[in-house]
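Trainee: I would like to learn how to read salt bridges and sheets in a model. Could you take me through them step by step?

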Amino acid sequence: MTTDRPHILLVNPWIDDFAAYDVWAQPLGLFMLAGMLRDQGFRLSYIDCLDRFHPRAPRSDPYARHGRGPYLKTALNAPPGLEDIPRRYSRYGIREAWLYEDLTALAPPDLILVTSMMTYWYPGVKATIAALRRIFPHTPILLGGIYATLCQDHAERTAGADQVVPGPIDAHLADRISQYLGVGYRPDFDLKDLDAAPYPAWDLRRRLTYVPILTSLGCPFNCAYCASRFLQPRYRQRRPEIVVEEILFWHRSAGVRDFVLYDDAFLIGAETHALPILEGIIRSGARLRFHTPNALHIRTIDPTTARLLARAGFHTIRLGLETAVRRKQDGYDRKVNLDEFVAAAGCLRKAGFTPQNTGAYLLIGLPGQPLEPVVASIEAVKAQGIRPILAYYTPIPHSRLWGEAVAHSRYDLEADPVFSNNAIFPCQPESFSWEWLSRLKEMTRMAA
Ligand code: B12
Ligand code: SF4
């Protein structure tokens with residue numbers, strides 16, 4: 001690497017919310033981009049506003065809960081319109097003064113790339129960009145990621161970046177980077193070929209307590225409440241042997257044991273994708289743990305798959321059930337029915353999975369959704385020895401349910417993404433109350 005190459009600063013912004021926790025959440029898109037840029041010889045720096053292991057942060061056990069853990073937080077006023085929510089609003093991540101110190105210590109960058117995740121976290125993105133501007137007033141700032149893609153217009157009006165760059169990494173992005181840096185940037189691999197890309201530059205992180213893995217991009221389904229199809233229009237899988245190589249690379253070079261699958265659809269076409277990956281991991285003899293917070297497809301779990309998941313070290317299993325009581329009028333998705341769930345649960349139990357590490361997501365707070373089917377679903381899941389986990393619905397622009405969500409919400413969802421926060425149940429049914437929520441949560445408890 002030559003030092004006269006431009007210097008690019010990558011930034012993971014603060015989160016402003018009623019609650020946030022590091023549930024194995026890393027900005028994978030930004031690290032993929034970092035891997036590609038470093039491969040071209042750019043000098044990179046990384047600032048993580050969510051760094052749980054910042055030298056000035058109180059000490060915490062990095063390996064507790066397989067890498068998960070709490071962010072630091074600083075109390076904030078709730079955004080206008082949300083003052084009546086009976087929960088404290090905070091900025092999650094490092095203290096503002098530490099960010100200024102860390103930025104001041106850096107060599108001035110030629111370009112800053114900021115990522116974004118949940119749409120309703122944008123106030124944290126905006127505050128991060130304002131801090132970057134204060135220290136580096138002349139450096140162009142590009143904003144990409146999920147919020148930038150789902151709410152491009154809002155981001156252009158609000159976030160304070162020089163340019164909002166929606167969508168996946170493609171040739172246009174390479175052109176824009178070249179334009180800002182005044183040097184030709186042309187990755188020497190095919191951007192459409194997932195197997196050809198360099199690994200995400202995870203080594204830029206202070207501590208590698210876990211590593212996210214993406215074995216495929218996108219999803220062949222198109223559930224009404226989800227934006228996966230808009231974010232990644234084409235479903236693509238990586239070659240199994242390349243995925244296994246990447247996992248073993250991080251294990252052998254950095255001692256990583258916990259791996260987190262970020263796929264939307266890991267088990268689709270399992271015969272030629274997931275099963276060879278699991279077999280490759282088993283063959284390697286490495287003692288690893290895998291977690292699937294983003295949920296596995298239930299329909300594809302048969303005795304062989306369950307057995308291989310267990311033998312490969314899958315530890316935290318989450319299943320995308322959404323409801324066990326399908327009503328004709330809902331039509332939200334047709335991913336799985338109750339019989340298929342019961343069959344999959346049986347396979348998982350037989351393979352040794354217990355309620356301690358196996359949970360099924362149940363969606364609550366959908367527009368017009370009554371609470372009775374949620375209660376019935378909780379019971380149906382528990383009856384199978386699986387832990388019900390309530391997933392609060394967040395309305396997502398460009399999903400098929402967005403229009404209905406806008407019509408049902410007590411907030412003006414189109415005016416401000418903060419109103420899409422799932423913690424406030426923006427589309428709550430008539431029968432909903434905070435007391436009801438506590439009762440539902442109580443019902444999900446399983447006997448030890
Ligand atoms: C992995 C994942 C998670 C992980 C954590 C990820 C994280 N970093 O926080 C887990 C499983 C924990 C999770 C949880 C939740 N998630 Co989630 N998650 C995803 C998922 C499947 C993939 C995101 C990802 O890493 N993609 C892969 C990378 C490569 O893509 P990318 O980040 O988009 O980046 C690309 C571009 O944007 C670009 N890029 C990225 N940064 C930058 C920066 C610059 C400058 C540029 C130029 C380009 C660029 O490059 C990348 C490559 O193409 C997305 C769906 C999806 N298909 O995208 C949902 C998604 C983001 N999640 C969503 C939701 C709703 C949730 C939950 C609220 C679910 C719930 N009800 O509990 C929780 C929230 C928990 C939390 N984070 O605190 C929604 C977002 C909703 C919203 N309003 O914004 C999504 C879109 C799924 C959906 N239902 O449609 N999630
Ligand atoms: S909810 Fe899951 S299965 Fe449905 S489209 Fe989204 S990622 Fe695919």
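Trainee: Which kind of contact do the side chains of Asp51 and Arg206 make?

Mentor: Before that, note that this is a predicted model, in which local features need pLDDT of at least 70, side-chain atom pairs count only at pLDDT 80 or more, and totals for chains, interfaces and linings use all residues. Residues are numbered from 1 along each chain as its sequence is written, chains are lettered from A and ligands numbered from 1 in the order in which they are written, and side-chain values use heavy atoms, with hydrogens and water left out. As for the general idea, a salt bridge is a side-chain nitrogen of Lys or Arg within 4 Å of a carboxyl oxygen of Asp or Glu. Asp51 and Arg206 form such a salt bridge through their side chains, at 2.6 Å from N to O.

Trainee: Where in the chain do Asp51 and Arg206 lie?

Mentor: Helices (H or I, at least four residues) and strands (E, at least two) are DSSP runs, numbered from the N terminus. Asp51 belongs to the loop between strand E3 (43-48) and strand E4 (73-75), while Arg206 belongs to the loop between helix H6 (171-181) and strand E9 (211-213), so the pair ties together parts that are 155 residues apart in sequence.

Trainee: Is Asp51 buried or exposed?

Mentor: Buried means under 20% relative accessible area, exposed over 50%, and partly exposed in between (1.4 Å probe, protein chains only). Asp51 is buried, at 9% relative accessibility, whereas Arg206 is partly exposed at 48%.

Trainee: How many salt bridges does the rule give?

Mentor: The count comes to 11 salt bridges. Among them is the one between Arg299 and Glu340, at 3.0 Å from N to O, where Arg299 sits in the loop between strand E13 (289-291) and helix H10 (303-312) and Glu340 in helix H11 (residues 338-350), 41 residues apart. Another salt bridge joins the side chains of Glu442 and Arg445, at 3.1 Å from N to O; Glu442 is partly exposed at 46%, and Arg445 is exposed at 55%.

Trainee: In which order do the 5 strands of the open sheet stand?

Mentor: Strands of a sheet pair through backbone hydrogen bonds, either parallel or antiparallel. Two strands count as paired if DSSP finds at least two bridges between them. Here the order is E3-E1-E6-E7-E8, with parallel pairing. E3 and strand E8 (163-164) stand at the edges, each with a single partner strand, so one side of each is left without a neighbour in the sheet.
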